[in-house]
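Open your viewer and get ready to select a few pieces one after another. We will walk through the model stop by stop.

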Amino acid sequence: ALPRDLEGLRVVVSAGGTREPLDPVRHLGNRSSGKQGYALARVAAQRGADVTLVAAHTEALPEPAGAEVVHVSTARQLGAAVEEAASAADVVVMAAAVADFRPADTADHKIKKTEHSPDPTIALVRNPDILAGLVEARRPGQVIVGFAAETGDEQGGVLDHARAKLKRKGCDLLVVNAVGEGKAFEMEENTGWLLGADGTEQRIPLGAKSLLAATVWDAVTELVRRRAHR
Ligand code: PMT
């Protein structure tokens with residue numbers, strides 16, 4: 001049995017990939033399956049936390065026992081649901097792959113191809129940075145965990161990018177996933193690094209997504225405990 005070391009903590013986890021509609025039948029999306037976020041929610045519930053899971057397009061996954069699940073689609077919907085749950089949470093973990101941009105316009109009819117029409121161009125506008133908003137609105141003592149999906153390898157500067165992202169985003173912990181063909185997205189296993197705002201760095205070996213989840217919750221409990229003793 002797992003330790004009940006998250007008992008009494010309210011946690012919010014986001015999972016999956018947002019979809020940004022172009023017209024009633026098309027969208028811009030990404031390859032996140034939600035498996036990593038679901039593993040985080042499942043492990044947290046098993047360890048006694050009160051869990052709200054905000055899920056974007058995770059239809060293929062069974063709901064984790066004991067978690068309250070809120071289903072959303074777009075980045076803006078995900079942001080609204082996470083913010084609402086975060087206002088009463090001790091911990092927020094942003095494992096969702098959130099679209100940085102959305103189409104500037106959503107057509108209310110299917111965009112048609114006609115013989116002489118010019119090839120269309122999609123104009124994009126920025127979505128709000130949810131993680132940055134959470135950090136700005138952080139409750140006293142609240143622990144905020146971000147994820148970073150980076151292409152490339154250690155030599156290719158993944159960690160340097162991630163260290164800069166951790167500073168820029170202002171979260172307490174950042175899980176760094178190297179992504180690319182056959183890595184992280186949609187897989188059953190994951191690997192990466194866990195970076196702490198206090199400068200700690202931990203390599204997470206390749207293993208089930210529940211193992212990465214356990215490593216994250218171990219680090220979170222440590223931070224919560226340190227804050228309680230301050
Ligand atoms: O779902 P799986 O198939 O299991 O795959 C897991 C995963 C690879 C998707 C996951 O582990 C992961 O890395 N998720 C974060 C992917 C991501 O969007 O990374 P990013 O570097 O683009 O964003 C950095 C952080 O900011 C993330 O915590 C993200 O949730 C957050 N963000 C991003 C954009 C935005 N507009 N608002 C945000 O809050």
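How many bridges join S1 to S6? There are 4, and the two strands run parallel. Before going further, a word on what you see: this is a predicted model, where local features need pLDDT of at least 70, side-chain atom pairs count only at pLDDT 80 or more, and totals for chains, interfaces and linings use all residues. Residues are numbered from 1 along each chain as its sequence is written. Helices (H or I, at least four residues) and strands (E, at least two) are DSSP runs, numbered from the N terminus.

**Stop 1: strand S1**

Select strand S1 (10-16). Pick Ser14 and you will find its bridge partner, Met94, in S6. Toward S4, S1 makes 7 bridges, again in parallel, and there Ala15 is partnered by Ala55.

**Stop 2: the whole sheet**

Now show the 8 strands of the open, mixed sheet, in the order S5-S4-S1-S6-S9-S10-S11-S12; strands count as paired if DSSP finds at least two bridges between them. Strand S5 (67-72) and strand S12 (201-208) each have a single partner strand, so one side of each is left without a neighbour in the sheet. From one strand to the next, the twist averages 20°, with axes fitted to C-alpha atoms (for helices over the stretch in contact) and angles running from 0 to 180 degrees between N-to-C directions. Next, look at S9 and S10: 7 bridges join these parallel strands, and Ala148 stands opposite Val176 in S10.

**Stop 3: helix H1**

Select helix H1 (35-46). All 12 of its 12 residues are buried, among them Tyr38, Leu40 and Arg42. They pack against S1, S4, S5, S6, strand S11 (189-196) and helix H5 (209-228), where contact means C-beta atoms, placed from the backbone, within 7 Å. Just after H1, click on Gly48, which takes a positive phi of about 100°.

**Stop 4: the ligand**

Finally, centre on the ligand, which 25 residues surround, the closest being Ser33, Gln36, Met94, Ile130 and Leu131. Being near here means a C-beta atom, placed from the backbone, within 6 Å. Which element gives the largest share of this shell? Strand S9 does, with 4 residues.

Note on methods:
Contact = placed C-beta atoms within 7 Å. Buried ≥ 20, exposed ≤ 12 C-beta atoms within 10 Å, placed from the backbone.
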